[in-house]
Amino acid sequence: MLDRYEAGEQAILVHIDFREEGEREDLVELKMLVSSAGVNAVSIITGSLSSPHAKFFVGSGKAEEIAQQVSLCKADVIIFNHALTPGQVRNLEKLCQCRVLDRTTLILDIFAQRARTYEGKLQVELAQLRHLSTRLVRGWTHLERQKGGIGLRGPGETQLETDRRLLRGRIKSILRRLEKVAKQREQGRRARQRNEVPTVSLVGYTNAGKSTLFNLLTQSDVYAADQLFATLDPTLRRIEVADVGNTILADTVGFIRHLDHDLVAAFKATLEETREADILLHVVDCSYERYEDNMRDVEIVLSEIDAGEVPQLIVMNKIDAVEGMTPKIVYDDQDVPVSVYLSAKEGLGIDLLFSALTQRLAGAMVSKHLALPPTAGKLRSTLYALNCIEHEVFDDAGGWNIDIRMTKVDWQRLLKQQGEVIQTFIAS
């Protein structure tokens, strides 16, 4: 589908610094992406520009330097830490006589290697096809003439037009399949909502330690490694949170700066778990010196998927890599936990995270003591159906003294249904 390369191929990395802060990329991050893809970086070429050049992205002198380095190192591929236009890729390949990949294509290749589930593979293929559709001319420049010859004479459609039509058909087919998967996910979410099971979703920059934390909290063995995009397929597990009960914890794909919009759109079904969560655990690698930039990039993606308003609890992970940092909970002015400092790798501060989760999730709970007469048997049955009765004792008159606990949403719904009746039974 894309310019796939075998593990062990030799690559020239190109990283350009721009004056505009918003256009800058991270060279260390590029090295990690290349390593995650299984490619050997034999040379790194850096430079600085005020803005990209139209023909080669870099200046003509820098392009010649890249070509010379390719010849010297016998490189198989050139990888840019930036997004390139199809024309720039074509010009560079002609000059360097070598394949050229940009940042988005590299990320897509890693996604293709990591996808395991049916849904994940569909999402990756959708992102690949959308990306490829803008670059078809590169692969078919020799076939832009109309088809002809024995067995090939047709209505006059060029090979390029045929390929675009086939791509559009495949994209529509994948979207239909993903729509079915999305409906299945929606059914699962509705079932959890009916059973009053809160959902906590792990989000954060790629390689922040989300899967390591997920495994520690759920006693699972989800693949976790010190590489970018180690997790691609979403995973759901149950955990027990004190004073809240069963809670669903979701591990999701990591975010990265300047993530292509097509990639975000392709993973819409997966990211809906994030949008529908009761609270987000925003995992941050606090040992990274520019972690605040990563946090801002995550916030941008959350806004793009309409999850920017979901409540967050910041998890400052990897404190074991920062000298003098210890596990702790940080509270705001209303005494509500806003961040937890811990180390998932060393198991430090996990009890504090559970405590903070209890405080955040239990804040959305209502506890009441009801004194029900013998004639309130129907209301008692409703409370049992809601699974909200924590303690019950019979009184001398044949009624019940009941302690209930439920979400604010369910309590408001119950009041709306039986408000006048239930208000008379609330005991002080």
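## Disulfides and cysteines

Let's start with the cysteines: a search of the whole structure turns up 0 disulfides, where a disulfide is a pair of cysteine sulfur atoms within 2.5 Å. Cys-96 is in no disulfide, and the nearest cysteine sulfur, that of Cys-98, sits 6.9 Å away. For background, a disulfide is a covalent bond between the sulfur atoms of two cysteines.

Cys-96 is buried, with a relative accessible area of 6%. Buried here means under 20% relative accessible area, exposed means over 50%, and partly exposed is in between (1.4 Å probe, protein chains only). Cys-286 is buried too, at 9%.

## What you're looking at

This is a predicted model, in which local features need pLDDT of at least 70, side-chain atom pairs count only at pLDDT 80 or more, and totals for chains, interfaces and linings use all residues. Residues are numbered from 1 along each chain as its sequence is written, and side-chain values use heavy atoms, with hydrogens and water left out.

The protein has 14 helices and 14 strands. These are DSSP runs numbered from the N terminus: helices are H or I with at least four residues, strands are E with at least two. Of the protein's 428 residues, 49% count as buried. Take the contacts (heavy atoms within 4.5 Å) between residues at least 6 apart in sequence: 69% of them join residues at least 24 apart.

Strand 1 (residues 10–18) pairs with strand 3 (residues 77–80) in the parallel sense over 4 bridges. Ala-11 stands opposite Val-77, and Val-14 stands opposite Phe-80. Strand 3 also pairs with strand 4 in the parallel sense, over 3 bridges, and there the bridge partner of Val-77 is Arg-99. In a regular strand the side chains alternate between the two faces of the sheet. Here, Val-77 and Ile-79 point one way from strand 3, Ile-78 and Phe-80 point the other way, and all are buried.

## Helix 4 and helix 5

Next up is a pair of helices. The axes of helix 4 (residues 103–114) and helix 5 (residues 118–133) come within 10 Å and cross at roughly 155 degrees. That makes helix 4 roughly antiparallel to helix 5; angles under 35 degrees count as roughly parallel, over 145 as roughly antiparallel, 65 to 115 as roughly perpendicular and the rest as oblique. In the contact between the two, Thr-104, Thr-105, Leu-108, Phe-111 and Ala-112 of helix 4 meet Val-124, Ala-127, Gln-128 and His-131 of helix 5.

Helix 5 also holds Leu-126, which is buried, with a relative accessible area of 2%. Leu-126 and Ile-174 are 48 residues apart in sequence but 6.6 Å apart in space, C-alpha to C-alpha.

A second open sheet is built from 7 strands in the order 6-7-5-8-9-11-10, and its pairing is mixed. Strand 6 (235–241) and strand 10 (328–331) stand at the edges with a single partner strand each, so one side of each is left without a neighbour in the sheet. Neighbouring strands here are turned by 25 degrees against each other on average, direction ignored.

Strand 5 (residues 199–204) and strand 8 (residues 279–285) run parallel, joined by 5 bridges. Within that pair, Val-203 stands opposite His-282 in strand 8. Helix 11 (residues 291–304) packs on the sheet, touching strand 5, strand 8 and strand 9, and its direction makes about 150 degrees with that of strand 8. Helix 8 (residues 210–218) lies across strand 5, strand 6, strand 7 (245–251), strand 8 and strand 9 (312–317), running at about 155 degrees to strand 7.

Technical notes. Two strands pair if DSSP finds at least two bridges between them. Axes are lines fitted to C-alpha atoms, for helices over the stretch in contact, and angles run from 0 to 180 degrees between N-to-C directions.
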